[in-house]
Amino acid sequence: MIIADRKPLGELLEMVKECNKILILGCKGCVTVCNVGGTKEVGVLASILKIARKKEGRPIEVEEKTIERQCDPEYIAQVKDMVGQYDAVISMACGVGPQFLSEAYPDQRFFPAVNTTSFGGAVSHGIWAERCAGCGTCLIHHFDGLCPIARCSKSLLHGPCGGSASGKCEISKEVDCIWDMIVKKKMEKGRLQDLTKMKPNKDWRTARDGGPRKSVREELVQ
Amino acid sequence: MSDLKSGSNLEKVLRAGHFALTGECGPPKGANVAHLKEKFSHLKGVVDAVNVTDNQTAVVRMSSWAASAVMIQNGVEPNFQMVCRDRNRLAMQSDILGAYAMGVRNMLCLSGDHQTFGNHPQAKNVYDIDSMQLISLVKKMRDEAKFLNDEDIDVPPRMFIGAAANPFADPFEFRVYRLAMKIAAGADFIQTQCIYNMEKFRAFMKMAVDMGLHEKAFILAGITPMKSVGMAQYMAKSVPGMDVPESLIKRLKGAGKGKVAEEGVQFAIEQIQEFKQMKGIAGIHLMAIEWEHKVPEIAERSGLLPRPKVD
């Protein structure tokens with residue numbers, strides 16, 4: 001799923017400082033699963049903003065709603081009758097949400113409430129970690145199910161670099177060295193020779209480096 | 001010696017069978033050419049080539065190719081370092097050609113320290129290709145006179161290709177395979193990370209020799225003399241992939257006030273004496289960090305002077 005973190009309160013207050021009436025719009029997709037932008041978090045943010053503004057002596061009117069997804073026109077259409085009545089709509093979806101909303105409702109201002117960070121999953125309760133960099137050409141099968149593009153700080157195809165120590169990355173003891181994991185798994189499974197073959201230079205055109213990407217399923221296009 | 005790949009002094013010294021000595025010089029944090037000249041002046045005639053670091057520890061400095069060019073103008077042979085952190089494949093290839101045009105004949109291919117270490121941690125990291133692929137790229141440019149896209153190069157860069165090896169990073173068992181890959185990719189010579197744990201290094205070299213790697217590339221053992229107990233403790237704790245045994249720190253501490261630096265130099269000299277005898281070692285890479293003026297003394301006391309002249 002897409003992982004996000006809520007923006008700091010100060011930044012959100014700055015965004016809405018000119019606003020007297022806003023809507024906070026949650027999303028029941030990925031951001032609900034990673035506990036950052038679902039119904040519950042919409043409610044929490046609404047309360048925090050109201051309290052903070054009340055303290056400033058400039059109360060703000062905040063409405064709340066959460067829709068199925070903010071990355072699909074069908075669900076975006078559900079808020080058609082609501083938008084237009086607010087000084088701003090704060091989207092709690094990933095970066096896709098405020099953009100789909102802005103495209104659908106050009107007269108309404110939409111602000112992002114979260115910083116979208118990565119594609120990943122829950123590694124333990126309350127902790128989500130990156131697993132995919134969306135490079136557009138998956139190589140995981142070469143590395144026994146572990147991705148060095150997303151998980152090596154240098155995206156090395158021939159690691160581990162000289163900074164790998166005790167299974168940790170040189171950038172932080174909090175970061176696992178994925179190459180340490182790849183090498184150990186290959187050794188354990190008797191497939192170390194896989195790593196002694198030279199990998200071709202990566203073609204980054206399928207990643208963001210090639211420009212904005214689009215996926216087309218011809219059979220579905222009308 | 002018509003079969004020389006680059007014709008660099010370092011290549012000639014190694015191919016003639018001499019025990020090589022390379023030094024290192026970090027470019028200044030500015031365009032202070034006088035300071036740069038002062039630093040490498042201590043190495044002139046004392047080493048066979050001088051590594052010119054490329055924004056080492058991700059701290060911005062004068063570019064390594066420009067500092068290399070200044071060295072050449074002053075009669076010192078550089079070993080131009082290039083890291084994968086700051087350049088994509090376009091910039092790499094153009095800088096390789098540019099460096100060659102300025103007279104650079106040795107080049108060390110590295111991944112580079114991650115930018116979070118340095119003074120611009122906000123920077124975007126590039127890592128378009130990795131160090132293994134950079135070695136292969138330089139070899140292709142030199143031997144096939146082709147760019148990465150197979151277009152012809154009009155006058156190819158004839159570089160003596162170097163790579164690094166860190167026997168002290170993890171996992172230890174894989175390190176020798178990674179070295180073998182770098183040699184297979186095209187490395188002509190190897191410079192190792194600073195060695196302090198001699199026992200581990202002996203084990204590493206035994207594996208390398210058993211695999212015949214010393215017959216395929218020249219392996220230079222990395223040495224950085226310790227200037228102080230603080231430096232040893234810092235390297236032990238804060239430099240990733242560095243292995244400083246407690247016994248060495250104890251030895252330095254035991255030297256007593258005002259004598260630690262000499263003890264550090266003495267340890268380096270003992271290392272050099274052992275490396276001269278160690279099977280598979282073709283020379284020394286002496287990285288006297290901000291201590292360039294000490295190199296002539298260490299070289300002299302280790303019996304590495306005068307340096308051979310090979311035509």
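In chain B, 78% of the contacts between residues at least 6 apart in sequence join residues at least 24 apart, where two residues are in contact if their C-beta atoms, placed from the backbone, lie within 7 Å. This is a predicted model, in which local features need pLDDT of at least 70 and side-chain atom pairs count only at pLDDT 80 or more, while totals for chains, interfaces and linings use all residues. Residues are numbered from 1 along each chain as its sequence is written, and chains are lettered from A and ligands numbered from 1 in the order in which they are written.

**Chain B overall**
- Chain B holds eleven helices and eight strands, which are DSSP runs numbered from the N terminus (helices H or I, at least four residues; strands E, at least two).
- The C-alpha trace of chain B spans about 60 × 45 × 40 Å along its principal axes.

**The sheet of chain A**
- Four strands of chain A form an open sheet in the order β3-β2-β4-β5 with parallel pairing, and two strands pair if DSSP finds at least two bridges between them.
- Because β3 (61-67) and β5 (110-112) of chain A stand at the edges, each with a single partner strand, one side of each is left without a neighbour in the sheet.
- Strand β4 (residues 88-91) of chain A runs parallel to β5(A) and is joined to it by three bridges, and the bridge partner of Ile90(A) in β5(A) is Phe111(A).
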